[in-house]
Amino acid sequence: MSEQHEQIFQNRIDAEEKIEPKDWMPEAYRRNLIRQISQHAHSEVIGMQPEGNWITRAPTLHRKAILLAKVQDEGGHGLYLYSAAETLGISREELIDALHEGRAKYASIFNYPAITWADIGAIGWLVDGAAIVNQVSLQRTSYGPYARGMVRICKEESFHQRQGYHIMMTLARGSADQKHMAQDALNRFWWPALMMFGPHDSESAHSAQSMKWKVKRQTNDELRQKFVDQSVAQAEEIGLTIPDPDLIWNEKRGHYDFGEIDWDEFAQVIAGNGPCNRQRLTHHRRAHEDGAWVREAMVSYQKKVQQRREAA
Ligand code: FAQ
């Protein structure tokens, strides 16, 4: 019976039909989606921290207002994604517990510090840029609520990417010190941005099955290559240099060749030993505990409303 169900399910996927919350799905598909979507949600929310750190220090009121809106958007993305994960039959509490207990991951990039204003430019340009490349592809993911969430998120991310690039462009056209600051931010964020796409396809535990189920539509290496190809011209345009001596156009492949990522560093960061892992999780736990009274008040208010409705 179950084999038959699985075949029907795979046929629907192959026919590009979207899978919706109440449809039958293999348990492993459901678990894989909860894993990926919740990690994506955690990334959006933890990702508010490096940029949130600069809201009070943005150089102008204009930049401050933009950054404030951007960080708020990231929080909103987290909420869409938690909601999408919840349609798979898991509660928000369980998802947050998994994050706090280290059972769920979040993107490695957010364990690096944002130490200068140029880092806010580099995050918008490169981190949001990498996120868009990945998420544009995920707009075609097989699970309906995730795909629809991605469409909306991508629209907002492209504004984020442009605000980051604009900061970098302004600094690169400024004084020698400002240009140096922009180059330094690019130097520090380039390689961690490439790591966002995950391990090489040959090392990726989930890719083969996720591609078959069309949860992922392009592989880690394909998306990373796309990001490199688009970023080289963007760096050249503003006179910055990508910190990779092996970066070279390959006429035959029609793509840039680039150097090897430091996979030991990646492994360390996802194992919890990056520069800011402890700080990020400690902050998240504290914010979650500080907000407990708001959640309790909302539940209690909802109960009262329901009781009144039932009494009337
Ligand atoms: N960091 O078998 P694969 C953003 C883990 S949103 C940490 O290749 P998969 C917006 C992976 O989870 C950024 N862990 O895994 C923003 C797995 O571990 P597990 C987030 C990583 O899932 C901007 C193991 O390694 N975007 O930035 C990473 O098939 C600015 C084996 O890997 C998404 O989450 C990593 N970089 O492919 C917000 C997009 N890479 O779970 C604020 C959705 C891999 O077995 C400010 N996710 N791992 O314990 C995806 O597309 C996929 O999950 C991948 C990984 C491509 C990330």
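## Met 196 in its loop

Met 196 sits in the loop that joins helix 8 (176-195) to helix 9 (207-212). Helices here are DSSP runs of H or I with at least four residues, numbered from the N terminus. The model is predicted: local features need pLDDT of at least 70, side-chain atom pairs count only at pLDDT 80 or more, and totals for chains, interfaces and linings use all residues. Residues are numbered from 1 along each chain as its sequence is written, and side-chain values use heavy atoms, without hydrogens or water.

Met 196 has a relative accessible area of 24%, so it is partly exposed. The scale runs from buried (under 20%) through partly exposed to exposed (over 50%), using a 1.4 Å probe and protein chains only. Leaving out residues up to four places away in sequence, Met 196 touches Ile 109, Val 127, Ala 130 and Ala 131. Contact means heavy atoms within 4.5 Å. Phe 110 is 86 residues away along the chain, and its C-alpha atom is 9.7 Å from that of Met 196.

## The largest pocket

Met 196 also belongs to a pocket lining. Together with Gln 39, Ala 107, Phe 197 and Gly 198, Met 196 lies nearest the centre of the largest pocket, which 44 residues line. A pocket is an open set of points on a 1 Å grid over the protein atoms alone, where a 1.4 Å probe fits, with protein on both sides within 12 Å along at least five of seven lines; lining residues have an atom within 4 Å of a point.

The volume is about 1000 Å³. This is the space filled by probe spheres set on the points, which are joined across faces, edges and corners. Helix 6 gives the largest share of the lining, nine residues. Among the other helices supplying at least two are helix 2 (27-46), helix 4 (61-86) and helix 10. The lining divides into 18 nonpolar, 15 polar and eleven charged residues. Ala, Val, Leu, Ile, Met, Phe, Trp, Tyr, Cys and Pro count as nonpolar; Asp, Glu, Lys and Arg count as charged; the others, Gly among them, count as polar.

## Asn 220 in helix 10

Asn 220 is in helix 10 (residues 220-237). Its relative accessibility is 7%, so Asn 220 counts as buried. The Asn 220 side chain reaches the backbone oxygen of Phe 197 at 3.3 Å. Beyond neighbours within four places in sequence, the contacts of Asn 220 include Phe 197, Gly 198 and Pro 199.

## The second largest pocket

The second largest pocket holds about 810 Å³ of space. Its lining has 24 residues, and Leu 79, Arg 92, Ile 96, His 288 and Arg 295 are the closest to its centre.

Definitions and conventions: A polar contact is a pair of N or O atoms within 3.5 Å; within protein, one must be able to donate a hydrogen and the other to accept it, and residues adjacent in sequence count only if both atoms are side-chain atoms.
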